[in-house]
Amino acid sequence: MDTTPLANGRNLLEVRGLTKIFGTLKACDQVDLTIAKGEIHALLGENGAGKSTLVKMLFGSLEPNAGEIHWNGQPARITSPGVAKKLGIGMVFQHFSLFEALTAAENIALSLADDTPISTIAAKARALSYSYGLPLDPESLVGDLSVGERQRIEIIRCLLQTPDLIILDEPTSVLTPQEADKLFETLERLRAEGKSILYISHRLDEVRRLCDSATIMRHGKVVGHCNPRLETPSSLARMMVGTEVKNAERTTAAVRGEELLSICGMSRKPAGPFSMPLKNIWLSVAGGEVIGIAGVAGNGQGELFEAISGEALQESADAIRIRGKSAGRMGISARRLLGAAFVPEERLGHGAAPRMRLSENLLLSRHTTDGKVFVGTGGMVKSGAIQKAAQRIITAMDVRKSAPDPEAAALSGGNLQKFIIGRELDRNPAVMVVNQPTWGVDAGAAARIRQALIELARAGSAVLVISQDLDELFEISDSIAVMHNGELSKPIPIAEATLERIGLLMGGAEPGHLDPAKEVA
Amino acid sequence: MFEGILITIATAATPLLIASVGELVVERSGVLNLGVEGMMVMGAVTGFGVALATGSPWLGVLAAIIVGALFSLLFGFLTLTLVTNQVATGLALTLLGLGLSGMLGESFVGQPGVKMDYIYIPVLTDLPLVGKLFFGQDPLFYVSLLLTAGVAYFLFRTRAGLTLRSIGDNHTSAHALGINVIGIRYLAVMFGGACAGLAGAYLSLVYTPQWIENMTAGRGWIALALVVFASWRPWRVLAGAYLFGAVSIGQLHAQALGIGVPSQLLSSLPYLATIVVLVLISRNRRLTMVNTPASLGRPFVPDR
């Protein structure tokens, strides 16, 4: 399992005993990492394993409490991102570090050397972006771009600095499979030029395909090194999680019941200068099935969710029907009363009020639908009933917490998401709409959530899942529709859906309506 | 007569323009300094006092600029280094400036001040109709126009200006790129302070060469409002300042003519007209969003 350390002269970066402590939490504990020249090195681990903390220390945006970093054999102190850039370390961030009100070219200019003439940057960026197969328009405002296009800017910006070590933090999570392929070609080309790459991803297939060696972290510690090409995805997953990870199972095939949610020709004007319009969307979800909506982030999925949940009203009442009732002009509570449940993408601040207790958050979302149970005469809150219900959800979803009834913000992302999903499931909704159910959730919790969604559908409810994670959609959906540029394709039954076909739709190869019959023939 | 009116309009607009352009730079860097009024009045008292003592209005101007910058440095230290609330600190700065200037200027009250001379260029200034307007005003009038042009060029044509705007848009990203967020904000805040000091000196050395307690009379607040309504664009600030100046002079003439409109209504006209016009030109929401510094007023503490 261990790779022998490479000859010293060939190592670009050597990290020894790097430790970062936040309060009482050891986010990184005695981490060792060696990256050779001309290799693509994977850094693997679950959410919260300490990967991001480690690379932030390498890039100078966090200061280690202990440990040393050697760069080209010399001890180095990386005290700021500026120092890291001077050494030759470039980074593509997981959470974008772009400026929305500036153009792509201006964004790129900001990370180049001060003496670069500002007028030549647009042309340079355009040329480089095409040569790497990541085309972009330097004059466009970043705020207008999709998440995938923003990711391209991040990558181009990093490459223009010609760093010796490129750190990529989950770069493919917002790219279509085809765009990801282009990126891999680029990375392989850079490796051939002798550059080193530190590649963070939780997509194990990518890692096996691309990376020469891997370091695996768990709970802030390095737990192993390996050559990912000699491993299987499940053996890598086992090393990351420490135990076997079970995939969610579809025990029975979907039985399409009656239509419970239908969207008929819904359109929506863009709500703000940087948001996407919805264009003539048709969709029908029946009881018993899970429909997945794939798409690169920023193609209108958020707007679609807002329209279905009632955060944004439709012009016509018939645009959305929930259990046969026209709901297009109804607010959120009225739609919930029809039997629908909604889980938004953003957990803190949207799905839950961060500084309120779990029981209070439960009341916030269900005081109308379960008014009789939770609210007594004269509007008095029945705290006993709420506590009991909260406890029921916590047990059902295996929510792990440090206090009996903690504030929502005190829970880890995965546990809070389990609670929020459980809060809706507890009502036995006839229609369940979830946006990014397992975004940033660790593998164990994600499997639990997916299983719960499948079980809900099999019990006769209609489930609509919007997700950027294609593996997840393939795992749980009975059909997958794709959003691109505010349009929704026809749902493709799972038996006919391939990664390639979905990927093409995500890239907008054929807007909307692929005819599955024609393609089969 | 007509030329005279235009010149008085320019004189009314110039202090607003100088203070607004300074505050515009501060806000473009993401810092909201509500202490413009306080820095301005400190500039006014310093400029008056130094000019009185030395007999040189230019030394007064220089001293006002320095005091304005130092006063804003206090704001910078509190909000940028100690990360206090920007709104509260700015308000405190205004109160402090008004009080301190009243105390320092107690002995200046009623004293005849030193007036800055108007420019005189032979032949040009003597041109009929436009000579005085273009070639015969006070030097600071020309400084204010150059300042506006310079700031517009700096913000949108230079790399340093781009860096400054990037900090105002997203300080976390700027920090991640290795930009010294706090350092640049200090410079921007001090530039704003220097401009406010200069604007104050204009009041006590050009506009009305004497010291009256609280002589800024809310101009600092108008300057702040102009920046917002001009959607953080220098040339729009100029348009707003001149519009304000024009309507304030216009309503004075109207009052003098004794037209049958209550004087209170006429006095409020400059404010109303400026707000209406600037709201109209900034009604393009997209343009406003793009120009609004997204991290305006938000404290920045880098993680370490």
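This is a predicted model: local features need pLDDT of at least 70, side-chain atom pairs count only at pLDDT 80 or more; totals for chains, interfaces and linings use all residues.

1. Let us start where the chains meet. Chain A brings 22 residues to the contact and chain B brings 18 residues. On the side of chain B that touches chain A, helix 7 (159-169), helix 8 (171-176) and helix 13 (285-291) of chain B each give at least two residues. Helix 7 of chain B has the largest share of that side, with six residues.

2. From helix 6 of chain B the contact uses B:F154, B:L155, B:F156 and B:R157, and from helix 7 of chain B it uses B:A160, B:G161, B:L164 and B:R165. The residues of this contact of helix 6 with helix 7 of chain B comprise five nonpolar, one polar and two charged.

3. How do helix 2 and helix 9 of chain B cross, and at roughly what angle? The axes of helix 2 (residues 36-54) and helix 9 (residues 181-207) of chain B cross at roughly 55 degrees and come within 6 Å. The two helices of chain B are therefore oblique to each other, and helix 2 of chain B passes helix 9 of chain B in a right-handed crossing. Residues of helix 2 of chain B in the contact include B:G43, B:A44, B:G47 and B:F48, while those of helix 9 of chain B include B:G193, B:A196, B:G197 and B:G200. The residues of the contact between helix 2 and helix 9 of chain B split into 14 nonpolar, six polar and no charged.

4. Turning to chain A, there is an open sheet of four strands, in the order 12-11-14-15 and with antiparallel pairing. Strand 12 (278-286) and strand 15 (325-326) of chain A are at the edges with a single partner strand each, so one side of each has no neighbour in the sheet. Six bridges join strand 11 (residues 259-268) of chain A to strand 12 of chain A in the antiparallel sense. A:L261 has A:V285, in strand 12 of chain A, as its bridge partner. Helix 9 (residues 301-309) of chain A packs on this sheet and touches strand 11, strand 12 and strand 14 (320-322) of chain A. The direction of that helix makes about 60 degrees with that of strand 12 of chain A.

5. Last, the domains. Chain A is assigned domain 1 (8-241), domain 2 (247-339 + 429-521) and domain 3 (348-428). The C-alpha centres of domain 2 and domain 3 of chain A are 25 Å apart, and the contact takes 14 residues from domain 2 and 14 residues from domain 3 of chain A. On the side of domain 2 of chain A that touches domain 3 of chain A, helix 10 (332-337) and helix 15 (443-458) of chain A are the elements that give two or more residues.

Definitions and conventions:
Residues are numbered from 1 along each chain as its sequence is written. Chains are lettered from A and ligands numbered from 1 in the order in which they are written. Two residues are in contact if their C-beta atoms, placed from the backbone, lie within 7 Å. Axes are lines fitted to C-alpha atoms, for helices over the stretch in contact, and angles run from 0 to 180 degrees between N-to-C directions. Angles under 35 degrees count as roughly parallel, over 145 as roughly antiparallel, 65 to 115 as roughly perpendicular and the rest as oblique. A crossing is left-handed if the near helix is turned anticlockwise from the far one by less than a right angle, and right-handed if clockwise. Ala, Val, Leu, Ile, Met, Phe, Trp, Tyr, Cys and Pro count as nonpolar, Asp, Glu, Lys and Arg as charged, and the others, Gly among them, as polar. Two strands pair if DSSP finds at least two bridges between them. Domain bounds come from an automatic or database domain assignment.
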